[in-house]
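Student: I would like to go through this model feature by feature. Please give the general idea each time, then the case here.

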Amino acid sequence: MLPRLSLFDFVRAIVRILSARPRVPPAVQGNRLLETILRRRSIRSFSRREIPDEVFAAILEAGRLAPSTVNLQTWAFAVFTAQSWKAFFGRSIPFNGQRAVIVLGDAHWNRTIAEMFADSPLVSYTVAVINASLAAMSMSLAAEALGVSSVMLSETGRTGFLDAGYLKEKLALPDGVFPLMTIVFGYARGPYPPMPPKLPLEQICFTGLYRGVTPAVAEDWLKQMIAGYKAAYPLSSFERQLQIYRMKIDRAERDLTAMVFHRR
Ligand SMILES: Cc1cc2nc3c(=O)[nH]c(=O)nc-3n(C[C@H](O)[C@H](O)[C@H](O)COP(=O)(O)O)c2cc1C
């Protein structure tokens with residue numbers, strides 16, 4: 001059960017969200033790449049403007065050249081236009097996106113030539129997740145640099161990480177290939193939303209012994225999440241969203257256990 005917010009809590013949380021800005025020391029202000037990284041937001045509303053092929057090719061290239069453990073490149077990208085997505089899945093790309101990439105952790109392709117991490121399903125899976133996620137982030141940032149916005153999705157109705165079982169069948173994934181996230185790309189319709197509540201640097205950095213986030217800051221973050229969600233989606237709530245996730249997570253847990261450990 002999440003806490004109920006008083007009106008004061010709600011207003012305070014919204015003011016905190018609206019006034020939050022990236023903290024950039026004056027000495028490094030104006031760096032274009034840094035600005036691109038800090039400007040990126042998850043965008044959930046796209047215009048009908050198409051993404052040119054060359055622009056999308058450059059985005060994919062950023063994924064291809066991402067770093068990976070032992071340069072194993074444990075990833076594969078299922079790439080779609082709005083049309084090919086509709087033809088394949090029978091529905092539109094979420095949020096009216098113009099391109100989508102289902103990012104897959106791929107511990108299969110290199111097994112076809114040599115067994116790199118024999119009998120280590122959890123390590124193989126984790127390595128694939130780490131590497132493919134880095135490729136995903138590279139693609140999102142390359143997109144942002146080219147004026148294309150994006151959002152990564154676990155839950156898309158049918159085509160995200162939480163539907164791993166469905167996607168395994170639909171994309172005919174062999175053992176060792178796991179759907180991780182769907183990145184939806186497009187030109188943003190309207191201005192970027194405010195930055196969702198991010199933890200302060202002092203709370204997530206430490207030297208020496210682990211410290212962790214203090215309970216008061218954690219509570220403050222939760223209140224901002226609840227208030228921010230209500231402000232963005234007045235007919236829903238953060239709690240309701242978590243409930244939807246929870247149902248899907250139970251099924252995803254079973255699907256992934258079967259996929260990673262071959263255990264039902
Ligand atoms: C792996 C991953 C999965 C995500 N899945 C979803 C999703 O299913 N639905 C959604 O609306 N946003 C999703 N997001 C976006 C997050 O909600 C978003 O990154 C977070 O709220 C922080 O906002 P920001 O990206 O604007 O900094 C996902 C992000 C990541 C990295």
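Predicted model: local features only at pLDDT ≥ 70, side-chain atom pairs only at ≥ 80, totals over all residues.

Student: In what order do the four strands lie in the open sheet?

Tutor: Strands are DSSP runs of E with at least two residues, helices are runs of H or I with at least four, and both are numbered from the N terminus. Two strands pair if DSSP finds at least two bridges between them. Here the order is 1-2-4-3, with antiparallel pairing. Strand 1 and strand 3 are the edge strands, each pairing on one side only. From one strand to the next, the twist averages 20 degrees.

Student: How many bridges join strand 1 to strand 2?

Tutor: Strand 1 (residues 75-81) is joined to strand 2 by seven bridges, and the two run antiparallel. Phenylalanine 77 has valine 103 of strand 2 as its bridge partner. Strand 2 also pairs with strand 4 (residues 177-186), in the antiparallel sense over eight bridges. There, aspartate 106 stands opposite valine 177 of strand 4.

Student: Is strand 2 mostly covered or uncovered?

Tutor: A residue is buried if 20 or more other C-beta atoms lie within 10 Å of its own, exposed if 12 or fewer, and partly exposed in between, with C-beta atoms placed from the backbone. Strand 2 (residues 99-106) is mostly covered, with eight of its eight residues buried. Arg99, Val101, Val103 and Gly105 point one way, and Ala100, Ile102, Leu104 and Asp106 the other way.

Student: At what angle do helix 2 and helix 5 pack?

Tutor: Axes are lines fitted to C-alpha atoms, for helices over the stretch in contact, and angles run from 0 to 180 degrees between N-to-C directions. Helix 2 (residues 32-39) and helix 5 (residues 121-145) pack at about 110 degrees, their axes 9 Å apart. That makes helix 2 roughly perpendicular to helix 5, a term for angles of 65 to 115 degrees.

Student: Which strand gives the most to the shell around the ligand?

Tutor: A residue counts as near a molecule if its C-beta atom, placed from the backbone, lies within 6 Å of it. Strand 3 (residues 149-153) gives the most, with three residues. The residues surrounding the ligand include Arg41, Arg44, Glu155 and Pro196.

Key
Residues numbered from 1 in each chain as written. Parallel < 35°, antiparallel > 145°, perpendicular 65-115°, else oblique.
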